[in-house]
Amino acid sequence: MTLNTTLLTPVLAALVLAGCASAPQIDASALPTAPAQYRENDARWMRADTATVAPRADWWTLFDDPVLDQLETQAAKNNNALQTAAANLARARAVARITDADRAPQVGVGAQVTRQGGPLAEEAGTAGTLGQVGASFSYEVDLFGRLSEASRAARLDADAQAALLDDARLLVHGAVAETYLAIRVLDQERRVVRDTVAAYRNTLDLSRQRLDAGDISELDVARIETELAVNESDALALDRRRAVLEHGLAVLVGQAASDFTLEATDWTATLPTIPAGLPSALLSQRPDVLAAQRAVLAAQARVGVAQAAWFPNIALTGNAGYASTDLEDLFKWSTRAWGIGALLSLPIFDGGRREAGVQSAQADLDGALSRYREQALVAFRDVEDQLASLRLLSEQSDAQARAVNSATRAMTLSEHRYDNGLVSQLDLLDARRSELASRRVALQVKAARYQSTVALIRALGGRWAPGGAAEPVALANTP
């Protein structure tokens, strides 16, 4: 048998061109550059204390609050946003398996019975009944990497969805912690305001007795009544804010607001110290940054898929089975039939479709790179924001504690002097207002420190490593 090399010429040419089809290289200068260190480089944030290190899954346990732990567990099971993100991941993984299937041989079996008639069929000798049964085989030879690049892009899409699921978990757990802590500070603030309301009521009762005795004027009583009403109004406003937060927490843990209740208790949560580490670690810790990175790699792979459209498609086909005009003889050895084939196809003119496809894929890659850089910049900003907030809030907390002590002392002295007739009622009311305002501000600063701690955990991706060191993410020219 003589091999016809003329028939193999197109195939050999295709093999030569195969090396030209590959995903484009990504310029390293287009990638985000991590700063050497955070601007807020206080030693407290650079030192990683292994006692405070926690995995992403249960970072909220650092607050040492059993109620918060229970709420986070409920949210992990029932939150609808997490279930949606999990469904998106399952879909992306299924699409990846579908894409992988295109690279595997396709085998099928089938049976067919046809009947032909008419003058043309009789003249051609094909009139009658024809039965066929057999198996078919097809396989596309991926010489130019089109199928492998498409498969890699689909897997990277699934990886991006997995990172987005992690990001959704981080957002939901962070929202639960922030909402819960906000409710707890409101509980304390409500207690302070209601204690003040009770004190004003006692003062009002005594003032009315003194009015009846002629010791004070009606104006003094009216002033106290005004202060009482103002504080009662503030207490009701705090009740309203707590109700709204409680309803929001119900949604986060997957319950109807009508069936959810969070009892008011003392605020016992611990304020942990979170090591910020180095900026280079952030690119491998933040799930949203990882998702953006995977999107870049997927877009890179799809440029390779678009470029491979310029090269031939080579497909192998085969079939084997039985065919007979007499159904009784269908499975006899003499009715066997088989065939194999190879197909080489290359579009010559397509009106610019392939060129437009490459340009579109390249534009998608450019957009993905821009989004990745933006996401990295946002990540660095988030950490800097919270580090600055925690540093300043710590100083503010110290200053406010001094203000509370001074205001409390001033109120005590004013009450004593008022009882002895040395100061006016206005001086006493001013001292009480100042003391109450200082206490409420102190609680709000305390709440802000907790909220910023949660926000820092979220900004760090919900995890950190001892020593705060990590290798930068390698993105350019990833195979």
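In the predicted model, the largest cavity has a volume of about 60 Å³. The count of cavities of 30 Å³ or more comes to one. Its lining is made up of Glu 140, Val 141, Asp 142, Leu 143, Phe 144, Arg 146, Ala 308, Phe 311, Pro 312, Asn 313 and Ile 314. Two or more residues of this lining are given by each of the strands β2 (128–141) and β3 (313–324). Sorted by class, the lining of the largest cavity holds seven nonpolar residues, three charged residues and one polar residue.

Open pockets were examined next. The largest pocket contains about 340 Å³ of space and is lined by 19 residues. Nearest the centre of this pocket lie Val 192, Thr 196, Glu 435, Leu 436 and Arg 439. At least two lining residues are supplied by each of α6 (146–213), α10 (353–419) and α11 (425–459). Helix α11 contributes nine residues, the largest share of the lining of the largest pocket. In composition, the lining of the largest pocket comprises eight nonpolar, eight charged and three polar residues.

For the second largest pocket, the volume is about 220 Å³. Its lining consists of 14 residues, and those nearest the centre are Thr 203, Leu 206, Tyr 418, Asp 419 and Arg 432. Helices α6, α10 and α11 each provide at least two residues of the lining of the second largest pocket. Here α6 gives the most, with six residues. The lining of the second largest pocket divides into six nonpolar, four polar and four charged residues. Arg 432, one of the residues nearest the centre of the second largest pocket, also lies over the face of Tyr 200, at 5.4 Å from the ring centre.

Phe 63, Trp 267 and Tyr 450 are linked by ring pairs into a cluster. Trp 267, a member of this cluster, also has a charged side chain over its ring: Lys 446 lies over the face of Trp 267, at 4.4 Å from the ring centre.

The helix geometry was compared with expected spans. Helix α6 has 68 residues and reaches 98 Å between its first and last C-alpha atoms, close to the 100 Å expected at 1.5 Å a residue. Just after α6, Gly 214 adopts a positive phi of about 80°. Helix α7 (residues 218–252) comprises 35 residues, and the 51 Å from its first C-alpha to its last is close to the 51 Å expected at 1.5 Å a residue. Following α7 is Gly 254, which likewise has a positive phi, near 80°.

A positive phi is also found at a residue other than glycine. Most residues other than glycine have a negative phi. The phi of Asp 64, however, is positive, near 55°. Asp 64 is located in the loop between α2 (43–46) and α3 (66–78). Because its relative accessibility is 52%, Asp 64 counts as exposed, the cut-off for exposed being over 50%.

Two further residues were examined for solvent accessibility and C-alpha separation. Glu 218 lies in helix α7 and is exposed, since its relative accessible area is 61%. The C-alpha atoms of Glu 218 and Ser 207 are separated by 9.1 Å, with the two residues eleven apart along the chain. Val 95 is found in helix α4 (residues 80–101). With a relative accessibility of 35%, Val 95 counts as partly exposed, because this value falls between the limits of 20% for buried and 50% for exposed. The C-alpha atoms of Val 95 and Asp 157 are separated by 9.1 Å, although these residues are 62 residues apart along the chain.

Conventions: Residues are numbered from 1 along each chain as its sequence is written. This is a predicted model: local features need pLDDT of at least 70, side-chain atom pairs count only at pLDDT 80 or more; totals for chains, interfaces and linings use all residues. Side-chain values use heavy atoms; hydrogens and water are left out. Helices (H or I, at least four residues) and strands (E, at least two) are DSSP runs, numbered from the N terminus. The expected span of a helix is 1.5 Å times one less than its number of residues. On a 1 Å grid over the protein atoms alone, a cavity is a set of points where a 1.4 Å probe fits but cannot get out, and a pocket is an open set with protein on both sides within 12 Å along at least five of seven lines; lining residues have an atom within 4 Å of a point. Grid points are joined across faces, edges and corners, and a volume is the space filled by probe spheres set on the points. Ala, Val, Leu, Ile, Met, Phe, Trp, Tyr, Cys and Pro count as nonpolar, Asp, Glu, Lys and Arg as charged, and the others, Gly among them, as polar. Rings of Phe, Tyr and Trp (its six-membered ring) pair if their centres lie within 6.5 Å; planes under 30 degrees apart count as stacked, over 60 as edge-to-face and the rest as tilted. A charge sits over a ring if NZ of Lys or CZ of Arg is within 6 Å of the ring centre and within 35 degrees of the ring normal. Buried means under 20% relative accessible area, exposed over 50%, partly exposed in between (1.4 Å probe, protein chains only).
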